[in-house]
Amino acid sequence: MRSKPPGTSARLRVDRRTFLTGGVAAAGGALAALGASAAVEGVRSAGDGACSGGSTAAPDALGTAVVPFRGEHQAGVTTPPQSFATFVAMDLLPGTDREALVRLMRVWTEDAERLTSGVPPLGDTEPELAATPSSLTVTVGFGPGLFDAAELVELRPTWLAALPAFAVDRLEDAWSGGDLALQVCANDPVVLAHAVRVLVKGAQTFAAVRWVQGGFRPAVGTLPEGTTVRNLMGQLDGTRNLVPGHDDHLIWNAGEPTWLAGGTSLVIRRIAMDLDTWDAVDRPAREEVIGRRLSDGAPLTSTDEHDEPDLDAVNQLGLPVIAAYAHIRRARSENPDERFLRRVYSYDDPPAPGALSNSGLLFATYQADVARQFIPIQQRLADLDLLNRWTTPVGSAVFAVPPGAPPGTYLGQGLLEG
Ligand code: HEM
């Protein structure tokens, strides 16, 4: 756990406008002079493990836990999911060119480093809200349009485009697309709201908010560490997933294109659940839809959550125990490369007049290559998956997630200055 956050010092009172309008060289100089890294130096890192929120951690330790911002990869991808997430997509304003993007990325990098370390960013109007970072992570993504604005079209990854239209989709503009993405996660919703506001304010001369989606998982401390969490359909969701450290080649891009080495991609699909009609489905049928038991998440052919499902097993009638249309049968491919890291959050928004609920999943996935890994599985599920009867994709966006920013660099530098 980190020590107490450094207090605001004189160097934090530098006028943000001077910083924003000072041009690339001046901004770089200002960054160095301000010593953003130095400001957070001495902050003892709690490491990735801290953000999974062990039930034994004292409340103040949860508040002061820090996930390191600087590094080879951006935080918030393989970081164990925090309790709360806000996804923001922004549209670049006319005139936001490559030079302006450099300025924005310098500001976001510095602000994110400070916020995630418990240090208020420059000009923070509520600096006290930055004091307990609560495992805050800020992850930045680039949408297809950013490459046009920066006149770097030749460096856009081939897969960076809207996903193909799937038969199950009922997409709404309100939850789709975007030139820039922020995934901001923390174990405290107040800290999270403050961080999102600071980052969005910092971008206001360059970009406008397109959509915001908030999600949640069980609060830290309510479940033993490492427990698979449940979604709002009541299922254990996340049992079989990529394992950071083991499946890294499927998570991190190897350098196609070169600037993306150590980066990844984010697909975010908003999937509405029709919980009102799901209510009519009895327990055995609910288990058949997925192919796993509700009580403990074990495959229907076995007894332990982490047992391998036996897809060849048949019942007394000779029918497959895990049905042909079961979600887990359809969601896996024989091609071991067709896998991705699911980092999902539930949402539960106010229902439309006359409806009882408006819930679902913010289905966020990270993968080295969207076309090779994500699209074939989404296509399989769109073709056949009984779960589709109660779930509907209503939003969809794809972003390239640049590699992390080691000390002395800013996010996206390899693209914008490469
Ligand atoms: C609201 C929509 C969805 C719900 C409620 C849901 C729920 C679940 C559940 C309960 C499991 C079994 C436990 C586990 O291994 O995590 C699962 C597995 C999985 N789901 Fe989904 N899912 C949804 C949408 C999707 C979509 C859209 C995709 C892909 C595009 C997907 C891909 C997967 C994969 C790859 C697995 C692991 C399959 C395996 O290897 O056994 N899911 N999902």
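Which residues of α12 are buried? The points below take that up first, then the iron site and strand β3. The model is a predicted one.

1. Helix α12, burial. The buried residues are V370, Q373, F374, I377, Q378, L381 and A382. Viewed down the axis of α12, they fall within an arc of 140°, so they line one face of the helix. An α-helix has 3.6 residues a turn, so residues three or four places apart point the same way.

2. Helix α12, cover. The buried residues of α12 are covered by elements including α8 (248–251), β5 (264–273) and α11 (327–330). Strands β8 (359–367) and β9 (391–401) are also among them.

3. Helix α12, geometry. The helix holds 14 residues, 370–383. At 1.5 Å a residue these should span 20 Å, and the end C-alpha atoms lie 18 Å apart, which agrees. At the start of α12, a side-chain oxygen of D369 comes to within 2.9 Å of the backbone nitrogen of A371.

4. Iron site. The ligand's iron atom has a single protein donor, NE2 of H327, 2.1 Å away. H327 belongs to helix α11. Helix α11 is also among the elements that cover the buried residues of α12.

5. Strand β3, burial. Of the 7 residues in β3 (180–186), 7 are buried. Both faces are covered. One side carries L180, L182, V184 and A186; the other carries A181, Q183 and C185.

6. Strand β3, pairing. Strand β1 (residues 84–92) runs antiparallel to β3, joined by 7 bridges. Strand β2 (residues 137–142) is also antiparallel to β3, with 6 bridges. L182 is the bridge partner of V88, and V140 stands opposite L182 too.

Terms used
Residues numbered from 1 in each chain as written. Predicted model: local features only at pLDDT ≥ 70, side-chain atom pairs only at ≥ 80, totals over all residues. Heavy atoms only, no water. Helix = DSSP H or I, 4+ residues; strand = E, 2+ residues; numbered from the N terminus. Expected span 1.5 Å × (residues − 1). Buried < 20%, exposed > 50% of the residue type's maximum accessible area, 1.4 Å probe, protein only. Arc of directions from axis to C-beta. Contact = heavy atoms within 4.5 Å. Polar contact = N/O pair within 3.5 Å; in protein donor to acceptor, adjacent residues only side chain to side chain. Donors = N, O, S within 2.8 Å, 3.2 Å for Na, K, Ca; no water. Pairing = 2+ DSSP bridges.
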